[in-house]
Amino acid sequence: MAAQRSTADILDAAVQVREAARSGATGIGTVLAALSEVVEYDHASLARWDPLRRRHITLAGSYPDDATAYIETRLHHDPVFPVLRSPARGGLWLRDVPRHLLAASPGFQEVLSPLGIEDGVAQCLFAADGRYVGMLNVSTRRPRHGPDPARAAITLLTEALAAAVDPRTGLSPEEIAAFGPEAATQRLDARRPGGLSPRELQVLAELTAGRTNREIAERLYITPRTVGTHIEHILAKLALPNRAAAAARAAAWGIDPAR
């Protein structure tokens, strides 16, 4: 992204992020890529909150594995988390975190600081009905100075980002009322081929192109280890012996990788 961008440029880029977030076909990785035109970053992730397992699940991200693990399993216990999780807050930028909280935060001291992170934002995401559904994390090694239109743009994007990570997106109110929240979500999963999750379907599509785990990880903005985990889940759900068989199944279903 260019060093100097006008407010109009940033707002135009935010529109592209919103459209990517609203299109279930583009994938969360595409959303993060579009977000880099709104706010320059070195690392970013979008994670879904799993209320049953009480942890975050990374849908797409570029943080190192140890940072991703912290976001998923420890961030919600960090002293900073109650501050940024307030629904009234429009995101918590690193430069605005009180010094005493940073000093007490394992996330900053053990994860961000060793990466050389000097700025960024953590934005908790809430559904229209008030449920906490996940969070956006953006980190940069370059501090941002002066009035920053990206701050307002990130706040304006929260509704679209929340819908993108919400597992109930695509369910009607009638379905949720008739079957209950968890059962309705399971019905939505059942509509997908093989009962695979959206991310698993993306990985399955990449297998049809014969890509390696590392190549898939680069295209989907996740780690090779995460790709391997998704492939294990795919094989288990479809009762298939190997990735070649999974690729053949995807081809039979007419599933192709995104260009």
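## The largest cavity

The largest cavity in this predicted model has a volume of about 350 Å³, where a cavity is a set of points, on a 1 Å grid over the protein atoms alone, at which a 1.4 Å probe fits but cannot get out, and a volume is the space filled by probe spheres set on the points, which are joined across faces, edges and corners. A search of the whole structure finds 1 cavity of 30 Å³ or more. The lining of the largest cavity consists of 26 residues, and those closest to its centre are Leu75, Leu94, Leu112, Ala122 and Asn137; a lining residue has an atom within 4 Å of a point.

Helices α3 (65-73) and α6 (106-112), together with strands β4 (119-126) and β5, each supply at least two residues of this lining, the elements being DSSP runs numbered from the N terminus, with helices (H or I) of at least four residues and strands (E) of at least two. By type, the lining divides into 19 nonpolar, 5 polar and 2 charged residues, with Ala, Val, Leu, Ile, Met, Phe, Trp, Tyr, Cys and Pro counted as nonpolar, Asp, Glu, Lys and Arg as charged, and the others, Gly among them, as polar.

## Asn137 and strand β5

Asn137 is found in strand β5, which spans residues 132-140. Because its relative accessibility is 9%, Asn137 counts as buried, a term that means under 20% relative accessible area with a 1.4 Å probe and protein chains only. Leaving aside residues up to four places away in sequence, Asn137 touches His43, Ala44, Ser45, Tyr63, Ile71, Leu75, Val121 and Ala122, a contact being heavy atoms within 4.5 Å.

An open sheet is formed by 5 strands in the order β2-β1-β5-β4-β3, with antiparallel pairing; two strands pair if DSSP finds at least two bridges between them. Its edge strands, β2 and β3 (92-93), each pair on one side only. Strand β5 pairs with β1 (residues 43-50) over 6 bridges, where Arg48 stands opposite Gly134, and with β4 over 8 bridges, where Phe126 has Tyr132 as its bridge partner. The hairpin of β4 and β5 has 5 residues between the strands, and Gly130 in its turn has a positive phi of about 95°.

Another 6 bridges join β1 to β2, with Ala47 opposite Thr58 and Asp50 opposite its bridge partner Arg55. These two strands also form a hairpin, with 4 residues between them and a positive phi of about 55° at Arg54 in the turn. Since 5 of the 7 residues of β2 are buried, this strand is largely enclosed by the rest of the structure.

## Nonpolar cores

The largest nonpolar core has 34 residues, and Leu35, Leu46 and Leu161 have the most contacts inside it; such a core is a set of buried Ala, Val, Leu, Ile, Met, Phe, Trp, Tyr and Cys residues joined through side-chain atoms within 4.5 Å. The largest share of this core, 6 residues, comes from α1. A second, separate core of 22 residues includes Tyr70, Ile71, Leu94 and Ala122.

## Basis of the values

Residues are numbered from 1 along each chain as its sequence is written, and side-chain values use heavy atoms, with hydrogens and water left out. In this predicted model, local features need pLDDT of at least 70 and side-chain atom pairs count only at pLDDT 80 or more, whereas totals for chains, interfaces and linings use all residues.

Technical notes
Buried < 20%, exposed > 50% of the residue type's maximum accessible area, 1.4 Å probe, protein only. 1 Å grid on protein atoms, 1.4 Å probe; cavity = no way out; pocket = protein on both sides within 12 Å on 5 of 7 lines; lining within 4 Å.
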